[in-house]
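Work through the exercises below with the model open beside you. Try each task before reading its solution.

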Amino acid sequence: MEEAVVVAGKAIGAGLAMVGALGGGIGIGLAVGGAVQGMARNPDHTGTIQTNMILGVAFAEAVAIYALVVSLIILFVLS
Amino acid sequence: MTLNWSGKRRWIALVLVLASLVVMFNWPPVVPVIQLPGEIYPAGEVFGLPITNTFVGSMVVWIVILLLIRVVSGRRPRDGGEVPRGGFYNFFEMAFEGLYGFIGGIAPERYLGPIFKMFMTIFILVLLSNWLHLIPGIDSIGFLHPHVHKVEGHYELLDGFDLATLGGVHYLNGQCPWVSPEAVATMSDEALQARADAGCLSGIPAAEAADDHADEAADDDHGEEIDYHHLEPGDPAVPWVILPYVRVPSTDLNMTLAFALIAVVMIQVMGFRALGISYLTKFFNFSTLFKSPLGGIDVAVGLLELIGEMAKILSFAFRLLGSMFAGSILLFVISFLLPVIAPWPVFLLEFFVGLIQAIVFGLLTAIFMSLATVSHHHDEEHHEEAAAGAH
Amino acid sequence: MEALGINLGYLLIQIIAFIVIYVLLTRFVYDPLIAVLRDRRTRIQRGLEDAEKAANARMNAEAEAEKVLQQARNEAQGIVDEARGRGEEVAQQVQQDARAEAETIRNDARLAAQAERDAQLAGLRGQVAAISIAVAQQLIGASLDDTRQQALINDFFAKVPDSARTLSGDVTVVSAMPLDDAEQQKVQEEIGADSVAFEVDPSILGGLIVRSADQVVDGSVRSGLGEMSQHLG
């Protein structure tokens, strides 16, 4: 019984931690959307825009991945 | 090599799909043990280090890189020859030239050499590590290992599976969750019969000889220790799990943290190389402290930059680890739930995720190195630098 | 830390392996490949320059060829012109020669015709004299001394007018009948001119017309008849 409570707590905690991925998803969407608009209006600067987009996406993605790591640690590392 | 699907290849694919269906129903797959640290080989320690399967994966990557070096330097055109020297070499050279131009658009001309070499080394190492879990068998074929956990001086049994035997080879039977001998005693006859029909070993009433042993083991749980590392395979007294021979090295924090440390240290080295000791003013900026009413903010910003450098280490390490570890788990779970067709798109996804993570790791390093070569506090110096770069 | 699997030994091994791989890749892959790429770029650059040079050279060669061709064409034109000129010259020469020959032939023919006529007239003269004497005898009814008659007739035909004796230089004497050599001799002596040319013109009927460069002395019967008719008229 006690073990079941622990497992349930872990699962709930991991799920709540993954809520953090929301922000990352929104951020990546905004960044890529803006970059695509910029590329469409200004195709000559596609290379520069792409580089900066990847940089920004990586930063936004990092937040989501932190959430993922926290949730994985809750699931598989906490004992 | 051209892909030709009009011939007998599609029949080969169909046969493989049917074969995987047969395997799925007769020997269902099991979820491998999911744990963050690399699983330790039973063989023991080398020079005080327990061998982990992620380290074995790293060694596979290093060997592949040595082969790559051998092939590329062997096929490289000498004495200005331009005759193509084989498909792989040409492909590698094309990719190399493309990435060289790509980094050339980011890095300042003066430091293009070291920045590109850093980028390329990280890219190759991370890419090969990430792509390792696309190879069948890696992450899924391994030792059978008794699943025990040492808590406060004694072993506790964890969830695992029964073993089955086919032609002298033991394998995990996915249809048989392991039950302890005490639990078997309380099970109904129908449940026991169902287990026997499924071919499960533990808890079968017929296995009297094993039963005594199991009782002993159960008694010993609270008294003397069982030698869990020298159990005969197939012993129904303990649950068994698969310990993969090779695991993707980028799911091990040791590798990603090592790369992150190298990247951040090289960023600082590049900053000192380009700006000299004045690079430190990026972090300890006291020049405006007593001249400007906002001088204190500059000091705080510098300290934040310092913290940011520390955060870069964690960011680099956990970005790669997180996406690769999650990808591995995704592959385990999809392969466990529906092993026939469902994993194919996931493999494709993992192919791209591995490529993108490798590019992001290398590209972020290259961008931070490029940014470290320009001074933010002295704009006139910046312009001089840019002008020098333009010439 | 142990739960995350971080192990200082593995961390160091990974860092060392990274450095070793960095060095190996730099030594055996990056530096040679970057050199290959740079070589290739310079070679392509040089190839483009060479191609440009070759194109220039070809353009120059074409211009040169055009020039040579033009020169050859000019020379050919000159040769043709010269040939044509020479041909025309030759043709003109031939024409001239032919004309001259025709002229001489015509002259010869004319001279021959003149001589023939003179000869005939000379033959005629005797008959005319005889006829005129016979006509005169009949008219006057008296026979004349033959010798006097002859002298009279000779006088009629070859009498040099008195005023002609003052003439000098080149003189042309026109007679109605051809004069024989003795008469010509006598006329020349009487005029006293340096050279005397003799012409025959039967239309003057008798007497002589003496022409010098600037003077004409008309002692012909025709002019005498003309004056007489004027006086009579």
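**Exercise 1. Find which residues of α2(B) meet α1(C), and describe how the two helices pack.**

Solution. This is a predicted model. Start with the residues.
- From α2(B) come Phe55(B), Ser58(B), Trp62(B), Ile65(B), Ile69(B), Val72(B) and Ser73(B).
- Facing them in α1(C) are Tyr10(C), Gln14(C), Ala17(C), Ile21(C), Leu24(C), Leu25(C), Phe28(C), Val29(C) and Pro32(C).

Next, the geometry. Last, sort the contact residues of α2(B) and α1(C) by class: 13 are nonpolar, 3 polar and none charged.

**Exercise 2. State how many residues of chain C and of chain B are in contact, then do likewise for chains A and B.**

Solution. Take chains C and B. The contact involves 24 residues of chain C and 31 residues of chain B. The chain C side has 18 nonpolar, 5 polar and 1 charged residues.

Now take chains A and B. Here 14 residues come from chain A and 17 residues from chain B. On the chain A side, 11 are nonpolar, 2 polar and 1 charged.

**Exercise 3. Describe the make-up of chain A.**

Solution. Count the elements: chain A has 3 helices and 0 strands. Along the sequence, the pattern reads α-α-α. Then check burial. Chain A has 79 residues, and 18% of them count as buried. Finally, look at contacts in chain A with a separation of 6 or more. Of these, 83% join residues 24 or more positions apart.

**Exercise 4. Give the strand order of the open sheet in chain C, and say which strands stand at the edges.**

Solution. Write the order first: 4 strands run β2-β1-β3-β4 in chain C, with mixed pairing. In chain C, β2 (195-200) and β4 each have a single partner strand, so these two stand at the edges. One side of each is left without a neighbour in the sheet. From one strand to the next, the twist averages 20°.

Now take the pairs.
- β1 of chain C (residues 170-175) runs parallel to β2(C), joined by 6 bridges. Thr172(C) stands opposite Ala197(C) in β2(C).
- β3 (residues 207-211) and β4 (residues 216-220) of chain C pair in the antiparallel sense over 5 bridges. Leu208(C) has Gly219(C) in β4(C) as its bridge partner. A hairpin of 4 residues joins β3(C) to β4(C).

**Exercise 5. Is Pro249(B) buried or exposed?**

Solution. Locate the residue: Pro249(B) sits in the loop between β8 (240-244) and α8 of chain B. A residue is buried if 20 or more other C-beta atoms lie within 10 Å of its own. Pro249(B) has 31 such neighbours, so Pro249(B) counts as buried.

Then list its contacts beyond four places in sequence. They are Thr54(B), Gly57(B), Ser58(B), Val61(B), Ser129(B) and Met255(B). Also compare Pro249(B) with Leu128(B). The two are 121 residues apart in sequence, yet their C-alpha atoms are 9.5 Å apart.

Note on methods: Residues are numbered from 1 along each chain as its sequence is written. Chains are lettered from A and ligands numbered from 1 in the order in which they are written. This is a predicted model: local features need pLDDT of at least 70, side-chain atom pairs count only at pLDDT 80 or more; totals for chains, interfaces and linings use all residues. Two residues are in contact if their C-beta atoms, placed from the backbone, lie within 7 Å. Ala, Val, Leu, Ile, Met, Phe, Trp, Tyr, Cys and Pro count as nonpolar, Asp, Glu, Lys and Arg as charged, and the others, Gly among them, as polar. Two strands pair if DSSP finds at least two bridges between them. A residue is buried if 20 or more other C-beta atoms lie within 10 Å of its own, exposed if 12 or fewer, and partly exposed in between; C-beta atoms are placed from the backbone. Axes are lines fitted to C-alpha atoms, for helices over the stretch in contact, and angles run from 0 to 180 degrees between N-to-C directions.
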